[in-house]
Amino acid sequence: MKRIRGFTLIELILTIVVVGIIAIAASNTLVLGFQSYNDSIDRQDNQMQAKFVIEKLSRELRHAVPNSAEVVSRQCVSFIPLKVSAFYFELPQFNQKQIDVVLLSNNTVTLDNFRLVINPSSQSDLLDDAHHRFITIESMTQSGGISTIHFPNTTNNPAFISSSVSERAFIYRPSVVEYCIQAGGVFRDGVQIANHVTSGGFSIDNASLNRNSMIKMVLTFENDLGEVTQYQHDVQVINVP
């Protein structure tokens, strides 16, 4: 009868030890791999948040009413979104209640209760009747590409005390949008759109005859690893007289 030779106790122990060493090495490699993956996700999350805030704010600022952007205590920037721009033919005279314009939009728009402003120089020009810069639109009729905007009797008569060199008018709703850096995040009108923000601020270089306004933003993010990254971005805001 042929004898079947098995493993000795020493061979089994050596096999278990070798397999254990290999398993420990493999597990450490896996742990390091997972840790590196989690770290990269953490870094990527901050980068995506910064990119989202910068792109969203930049897009909105570029489509704001000219000269409506204001920086408040460096932590907040506010502006008024533009609905549609237009060219006007001539300013209404005293007690006239209409103005003819050409809207720069291919879409049909309803503008009742919106406002039309000419040559604003500040955000308050868009909100304060006493500045005589805007009218509230009551209704609009269109004929042959020309839109006639009607506005009611108002205390700001004449409706406009300043004309535009390029005969531009801007139509908007009198609602202010505000971005603020506070409480470890970035907030848009009180709604948080980014977190892990440790510091930051806004500043504005006002427009001149040679250049447009410039909004400068600085955002500092800190991830769970304690790594700090600062993002700086400038947004050119169109200034149309």
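Between which two strands does the loop holding His 196 lie? The points below take up this and other local features of the model, which is predicted.

1. His 196 sits in the loop that runs between β12 and β13 (197-205). Its phi is near 60°, a positive value in a residue other than glycine. With a relative accessible area of 29%, His 196 is partly exposed.

2. A positive phi is also found at Asp 189, where the angle is near 50° and the residue is again not glycine. Asp 189 belongs to the loop between β11 (185-188) and β12 (191-195). Its relative accessible area is 41%, so Asp 189 is partly exposed.

3. The structure holds four salt bridges. One of them pairs the side chains of Glu 60 and Lys 56, at 3.7 Å from N to O. These two residues are about one helical turn apart, because they stand four residues from each other in helix α1. Glu 60 counts as buried at 16% relative accessibility, whereas Lys 56, at 24%, counts as partly exposed.

4. Glu 60 also meets Arg 188 in a salt bridge between their side chains, at 2.8 Å from N to O. This pair links distant parts of the chain, since Glu 60 is in helix α1 and Arg 188 is in strand β11, 128 residues apart. Arg 188 is partly exposed, with a relative accessible area of 24%.

5. A further salt bridge joins Asp 205 and Lys 216, whose closest N and O atoms are 3.3 Å apart. Asp 205 lies in strand β13 and Lys 216 in strand β14 (residues 213-222), so the pair ties together parts that are eleven residues apart in sequence. Both residues are partly exposed: Asp 205 has 28% relative accessibility, and Lys 216 has 33%.

6. Through salt bridges that share partners, Lys 56, Glu 60, Arg 188 and Asp 189 are joined into one network. The Asp 189 of this network is the residue with positive phi described in point 2.

7. Ser 68 is placed in the loop between α1 (9-62) and β1 (70-72). Its relative accessibility is 0%, so Ser 68 counts as buried. A polar atom of the Ser 68 side chain lies 3.2 Å from the backbone nitrogen of Ile 80. Leaving aside neighbours within four places in sequence, the contacts of Ser 68 are Ser 78, Phe 79, Ile 80, Gln 123 and Leu 126.

8. Leu 9, Ile 13, Val 17 and Ile 21 make a nonpolar surface patch of about 400 Å². Val 17 is found in helix α1 and is partly exposed, with a relative accessible area of 44%.

Key. Residues are numbered from 1 along each chain as its sequence is written. This is a predicted model: local features need pLDDT of at least 70, side-chain atom pairs count only at pLDDT 80 or more; totals for chains, interfaces and linings use all residues. Side-chain values use heavy atoms; hydrogens and water are left out. Buried means under 20% relative accessible area, exposed over 50%, partly exposed in between (1.4 Å probe, protein chains only). A polar contact is a pair of N or O atoms within 3.5 Å; within protein, one must be able to donate a hydrogen and the other to accept it, and residues adjacent in sequence count only if both atoms are side-chain atoms. Contact means heavy atoms within 4.5 Å. Patches are made of residues with over 30% relative accessible area and no salt bridge: like charges are joined within 9 Å, nonpolar side chains (Val, Leu, Ile, Met, Phe, Trp, Tyr) within 5 Å. Accessible areas come from the Shrake-Rupley method with a 1.4 Å probe; for residues, only the protein chains shown count as cover.
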